[in-house]
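Thanks for coming. I have one structure to go through today, and I will take it piece by piece.

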Amino acid sequence: MTGTRTYWLEHAWLDTHVEPGVAVDITDGRITAVRTDVTAPPPGAEILRGLTLPGLANAHSHAFHRALRGTVQVGSGTFWTWREVMYSVADQLTPETYHALARAVYAEMALAGITAVGEFHYVHHQRGGTPYADPNAMGEALVEAAADAGIRITLLDTAYLAAGIVNEHRGEPPNAHQLRFSDGSAEAWAERCSLLKERDHARIGAAVHSVRAVPAGQLATVARWAQERRAPLHVHLSEQTAENDACRAAHGCTPTRLLADHGVLGPRTTGVHNTHLTDEDIALIGGSGTGTCMCPTTERDLADGIGPAVALQRAGSPLSLGSDSHAVIDLLEEARAMELNERLRTRTRGHWTAAALLRAASADGHAALGWDEAGTIEAGALADLTTIALDSVRTAGPLPRLGAETAVFAATAADVRHTIVGGRHVVRDGAHTLVPDVPQALRAAVEALRT
Ligand SMILES: [Zn+2]
């Protein structure tokens with residue numbers, strides 16, 4: 001997009017405080033100037049009423065899990081019983097059905113103010129494991145879906161080679177569901193990933209599914225691929241105690257120690273969940289600058305436990321947030337859930353300020369996805385913005401200067417009024433501008449997987 005456009009923000013969140021009356025000039029998708037004390041909209045400016053935040057980053061997503069919403073809330077069980085239902089949905093995906101579902105899910109994200117998603121993607125091949133003619137057909141479908149929904153994506157292409165740990169060099173063979181996840185070896189994974197192309201809205205990163213799914217002897221291959229490209233590297237880490245037990249039995253150490261010893265940790269790496277950790281694990285993660293992506297609505301939905309986010313951050317681990325299994329898609333809920341979980345555990349309040357929670361939901365989330373130039377409203381940043389209504393039934397009342405506290409602790413995704421990505425209005429007055437009927441798109445895409 002060329003030419004300069006000006007947005008007038010009734011209230012803007014400028015990292016530390018709410019500023020009334022801010023004009024933001026945007027050229028070629030970037031912010032070129034931020035002017036304060038602009039008490040009235042300049043002529044020709046687009047008006048954003050409410051509190052405008054930097055766009056929100058959803059740092060951990062499996063788009064197809066959205067098809068499970070509701071269906072997995074019947075009866076009881078654990079993460080492992082939930083996983084069986086999830087596999088039955090993964091079995092149904094094709095590049096066409098996955099594109100339709102992801103387009104609708106990413107449109108739901110845009111409606112929730114999310115401007116960038118980290119898609120932790122492992123459904124690579126046909127059912128049974130045969131590659132598609134284009135070996136990246138599934139990943140490309142996700143990249144295309146993000147473009148169609150108007151948001152940025154970091155495709156975290158995931159190495160998933162084994163069903164469980166056997167020893168340093170070998171894992172249990174993938175089960176019938178997992179065959180389509182596996183490239184056979186980390187070398188073959190790297191070869192396929194190297195064919196993926198970045199686009200204006202899309203970056204390519206890497207992921208290790210978990211220490212269960214990648215034999216220890218192959219971890220360094222994935223880490224090296226990411227390091228050579230300076231790409232983000234994500235890994236599910238200690239979400240379940242069973243993973244810790246299996247790792248100790250096979251390798252005599254925790255999953256975190258195993259990742260550290262094989263070069264997986266570092267400032268471009270993000271551990272997802274980081275739930276069941278030892279003090280040494282926390283020191284390894286923090287000391288290496290490895291990030292932590294908390295997914296509180298999924299962690300509580302799957303009865304995982306509460307990860308030590310306070311201790312991780314104190315040790316040096318930047319925090320990001322993800323909606324993961326999409327039990328709900330609401331980054332404001334993820335942000336407050338992180339704080340509220342700690343309140344329940346410790347019976348004290350105020351572990352994070354609203355400002356710190358917004359930083360996790362935006363700047364640090366973007367950084368975890370390799371979009372370092374997004375997540376703040378300042379000249380030079382990508383023009384990604386999210387406006388929260390301050391006049392809804394949930395948000396009306398408090399003084400505008402408490403807008404950040406209101407947004408984080410009372411607003412929901414339903415209060416997102418505008419979403420702007422690269423200067424383009426993707427959500428205007430609560431309606432998606434590219435996907436006309438998002439609920440219908442979701443319904444049709446989920447139904448297509450059941451027939
Ligand atoms: Zn996940």
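Leaving aside its neighbours within four places in sequence, which residues is Glu 299 in contact with? Before the answer, a caution: this is a predicted model. With those neighbours left out, Glu 299 is in contact with His 273, Cys 293, Met 294, Asp 304 and Gly 305. Glu 299 itself is found in helix H9, residues 296-301. Its relative accessible area is 3%, so Glu 299 is buried, the cut-off being under 20%. For a sense of distance, take His 234, which is 65 residues from Glu 299 along the chain: the two C-alpha atoms are separated by 17 Å.

Next, Ser 238. Where does Ser 238 lie? Ser 238 is in the loop between strand S11, 233-237, and helix H6, 241-251. Ser 238 has 0% relative accessibility and therefore counts as buried. Again setting aside neighbours within four places in sequence, Ser 238 is in contact with Glu 243, Asn 244, Pro 255, Asn 274, Thr 275, His 276 and Leu 277.

Now a pair of helices. Two packed helices are described by the angle between their axes and the distance between the axes. For helix H4, residues 186-193, and helix H5, residues 216-229, the axes come within 9 Å and cross at roughly 20 degrees. Angles under 35 degrees count as roughly parallel, so H4 is roughly parallel to H5. The crossing of H4 and H5 is right-handed. On the H4 side, the residues that meet H5 are Ala 186, Glu 187, Trp 189, Ala 190 and Cys 193. Their partners in H5 are Gln 218, Thr 221, Val 222 and Trp 225. By type, the residues of this contact of H4 with H5 divide into six nonpolar, two polar and one charged.

Last, the nonpolar cores. How many residues does the largest nonpolar core have? The count is 124, and the residues with the most contacts inside this core are Phe 64 and Tyr 106. Helix H2, residues 95-111, gives the most to this core, with nine residues. Tyr 106 touches Ser 61, Ala 63, Val 117, Glu 119, Leu 142, Ala 145, Ala 146, Ala 149, Ile 151 and Ile 153, not counting residues up to four places away in sequence. There is also a second, separate core of 14 residues, which includes Ala 12, Val 24, Ile 31 and Leu 48.

That is all I have.

Notes. Residues are numbered from 1 along each chain as its sequence is written. This is a predicted model: local features need pLDDT of at least 70, side-chain atom pairs count only at pLDDT 80 or more; totals for chains, interfaces and linings use all residues. Side-chain values use heavy atoms; hydrogens and water are left out. Axes are lines fitted to C-alpha atoms, for helices over the stretch in contact, and angles run from 0 to 180 degrees between N-to-C directions. Helices (H or I, at least four residues) and strands (E, at least two) are DSSP runs, numbered from the N terminus. Angles under 35 degrees count as roughly parallel, over 145 as roughly antiparallel, 65 to 115 as roughly perpendicular and the rest as oblique. A crossing is left-handed if the near helix is turned anticlockwise from the far one by less than a right angle, and right-handed if clockwise. Contact means heavy atoms within 4.5 Å. Ala, Val, Leu, Ile, Met, Phe, Trp, Tyr, Cys and Pro count as nonpolar, Asp, Glu, Lys and Arg as charged, and the others, Gly among them, as polar. A nonpolar core is a set of buried Ala, Val, Leu, Ile, Met, Phe, Trp, Tyr and Cys residues joined through side-chain atoms within 4.5 Å. Buried means under 20% relative accessible area, exposed over 50%, partly exposed in between (1.4 Å probe, protein chains only).
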